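Please look over the sequence and the 3D structure below before reading on. The briefing that comes after them is meant to be read alongside both.

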Amino acid sequence: TWTPAYIALGSNLNNPAGQIVQAIEHIKQIRDTRIIAQSSLYKSVPLGPQDQPEFVNAVIGVLTRLDAISLLAELQAIEKKMGRVPPAQRWGARVIDLDILLHGESRSNSAELLLPHPEMHKRNFVMIPLAEIAPALGIPAHGTASRVAEKLGSVGLRKSA
């Protein structure tokens with residue numbers, strides 16, 4: 001069966017917009033997975049240390065036959081292929097960051113994967129692109145994506161040209 005899933009993408013190193021585009025091309029190659037929606041690119045101020053370049057963020061919607069852990073493994077392989085190394089500090093600069101936000105009705109509280117993503121409802125650089133492609137999507141315990149995005153507002157976030 002095909003399961004809808006949503007993936008957040010972020011980069012702030014080595015041509016961030018180009019990194020997002022490249023990551024999407026890699027995601028298109030994941031077996032049993034099809035991209036069905038793609039948000040605009042957004043520029044955002046860093047969440048963590050401010051002495052780093054601004055980020056470019058996007059969200060894509062996919063249909064996948066992979067379970068959440070298998071999808072995560074595919075995304076981590078893409079991050080590795082693209083040269084991601086663990087940031088020197090939490091929320092530090094990175095070439096690419098791929099996070100599963102939701103995977104159907106899947107719930108996970110394991111060391112390797114938390115689903116739904118526990119911080120997405122706090123981050124406008126995730127919720128505004130998500131609301132762009134799936135405004136009526138339910139965010140567990142928080143309402144629809146559009147409602148959460150509206151509450152967060154767009155401070156520090158702008159569409160990329």
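This is a predicted model: local features need pLDDT of at least 70, side-chain atom pairs count only at pLDDT 80 or more; totals for chains, interfaces and linings use all residues.

Residues are numbered from 1 along each chain as its sequence is written, and side-chain values use heavy atoms, with hydrogens and water left out. Helices (H or I, at least four residues) and strands (E, at least two) are DSSP runs, numbered from the N terminus.

**Strands β1 and β5**

- Strand β1 (residues 3–11) and strand β5 run antiparallel and are joined by six bridges, where two strands pair if DSSP finds at least two bridges between them.
- Within this pairing, L98 in β5 is the bridge partner of L9.
- Strand β5 covers residues 97–103, and six of its seven residues are buried, a word that here means under 20% relative accessible area, whereas exposed means over 50% and partly exposed lies in between (1.4 Å probe, protein chains only).

**Residue V59 in strand β4**

- V59 lies in strand β4 (residues 55–64), and V59 counts as buried because its relative accessible area is 0%.
- Leaving aside neighbours within four places in sequence, V59 is in contact (heavy atoms within 4.5 Å) with I7, A8, L9, A37, Q38, S39, L101, V126, P129, L130 and I133.
- V59 and K122 are 63 residues apart along the chain, and their C-alpha atoms are separated by 15 Å.

- Helix α3 (residues 124–133) is largely enclosed by the rest of the structure, because nine of its ten residues are buried.
- The buried residues of α3 are N124, F125, V126, M127, I128, P129, L130, A131 and I133.
- When neighbours within four places in sequence are set aside, I133 is in contact with Y6, A37, Q38, S39, V59, I60 and G61.

**How α3 meets α4**

- Two packed helices are described by the angle between their axes and the distance between the axes.
- The axes of α3 and helix α4 (residues 145–152) come within 8 Å and cross at roughly 140 degrees, where axes are lines fitted to C-alpha atoms, for helices over the stretch in contact, and angles run from 0 to 180 degrees between N-to-C directions.
- N124, M127, I128, L130 and A131 in α3 meet A145, S146, V148, A149 and L152 in α4.
- By class, this contact of α3 with α4 has eight nonpolar, two polar and no charged residues, where Ala, Val, Leu, Ile, Met, Phe, Trp, Tyr, Cys and Pro count as nonpolar, Asp, Glu, Lys and Arg as charged, and the others, Gly among them, as polar.

**Backbone details in the loops**

- L115 and P116 are joined by a cis peptide bond, with omega about -10 degrees, and P116 is placed in the loop between β7 (114–115) and α3.
- N14, in the loop between β1 and α1 (16–27), is a residue other than glycine with a positive phi, near 55 degrees.
- A141, in the loop between β8 (138–139) and β9 (143–144), is also a residue other than glycine with a positive phi, near 70 degrees.
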